[in-house]
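Dear colleague,

I am passing on a structure that you have not worked with before, and I would be grateful if you could look through it with the notes below at hand.

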Amino acid sequence: RFWPLDPRPDEIYLEDIAHALSQQCRFSGHSRVAYSVGQHSIYVSQAVPAVDALWGLLHDAAEFALVDLPRPLKHLPEFGAYRAAEAKLQLCVAERFGLAPSEPASVREADLRMISTEKRDLMHAGGLTHVWDTDRYPPYDWTIVPWSARTTEVRFLERFAELTKGRAA
């Protein structure tokens, strides 16, 4: 059993994170095609300096149990309790996988650039994108091609193994 509002690091398993994030659509499914939080996380891990890559891969890991809440909603005052629960769970994820407690600035910037890239490649014109502050963060110069959930799960686990080679998980 895992209780997201009372998380314990020793109850968090990478396989659960990889599986859930590979099947969870970004933006609550408000995109032209299915695109997962897991694939997004892999891209963030590849966009940051190597020292921050594991943090990049796991930056949305709390969403394995709390779901991906679209940015415009997540930042409303009414969702303060959600943000607190997510921060508490993310801190447990950081502890579980030996990460610094605070997300590195490079991860935050890569995440914001990914939103710009996702907006360009995956979203309908207008829609939820009009409320995103993406103008300051240019999209990456490559195009997102969504993967299947199974491919994403395998690649997420492979990326973790690559980043933790020789280190106990």
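**Contacts of Arg71**

Leaving aside its neighbours within four places in sequence, Arg71 is in contact with Arg108, Leu112 and Ile115. Please keep in mind, here and throughout, that this is a predicted model. Arg71 is found in helix H5, which runs over residues 71–74, and it counts as partly exposed because its relative accessibility is 30%, a value that falls between the 20% under which a residue is buried and the 50% over which a residue is exposed. Arg71 and Gly38 are 33 residues apart in sequence, and their C-alpha atoms are 17 Å apart in space.

**Helix H8**

Helix H8 takes in the 15 residues 149–163, which at 1.5 Å a residue should span 21 Å, and this agrees with the 21 Å between its end C-alpha atoms. Which residues of H8 are buried? They are Thr152, Glu153, Phe156, Arg159 and Phe160, and because they cover an arc of only 130° around the axis, they lie on the same side of H8. On the other side of H8, Arg150 and Glu162 are exposed.

**Aromatic rings**

The count of aromatic pairs comes to five. In the pair formed by Phe97 and Phe160, the ring centres are 5.5 Å apart and the planes stand at 75°, so the pair is edge-to-face, given that planes over 60 degrees apart are classed in this way. This pair links distant parts of the chain, since Phe97 belongs to the loop between helix H6 (80–96) and helix H7 (105–122), whereas Phe160 belongs to helix H8, 63 residues apart. Phe97 is buried, with a relative accessible area of 4%, and Phe160 also counts as buried, at 6% relative accessibility.

Elsewhere, ring pairs link Tyr43, Tyr140, Trp142 and Trp147 into a cluster.

**Charges over rings**

Two of the aromatic residues named above come up again here. Arg96 lies over the face of Phe97, at 4.8 Å from the ring centre, while the charged end of Arg113 sits over the ring of Tyr140, 4.1 Å from the centre of that ring. Phe97 is thus a residue to look at from both sides of these notes, being paired with Phe160 and having Arg96 over its face.

With kind regards

Notes. Residues numbered from 1 in each chain as written. Predicted model: local features only at pLDDT ≥ 70, side-chain atom pairs only at ≥ 80, totals over all residues. Heavy atoms only, no water. Helix = DSSP H or I, 4+ residues; strand = E, 2+ residues; numbered from the N terminus. Expected span 1.5 Å × (residues − 1). Buried < 20%, exposed > 50% of the residue type's maximum accessible area, 1.4 Å probe, protein only. Arc of directions from axis to C-beta. Contact = heavy atoms within 4.5 Å. Phe/Tyr/Trp six-rings, centres within 6.5 Å; stacked < 30°, edge-to-face > 60°. Lys NZ or Arg CZ within 6 Å of the ring centre and 35° of its normal.
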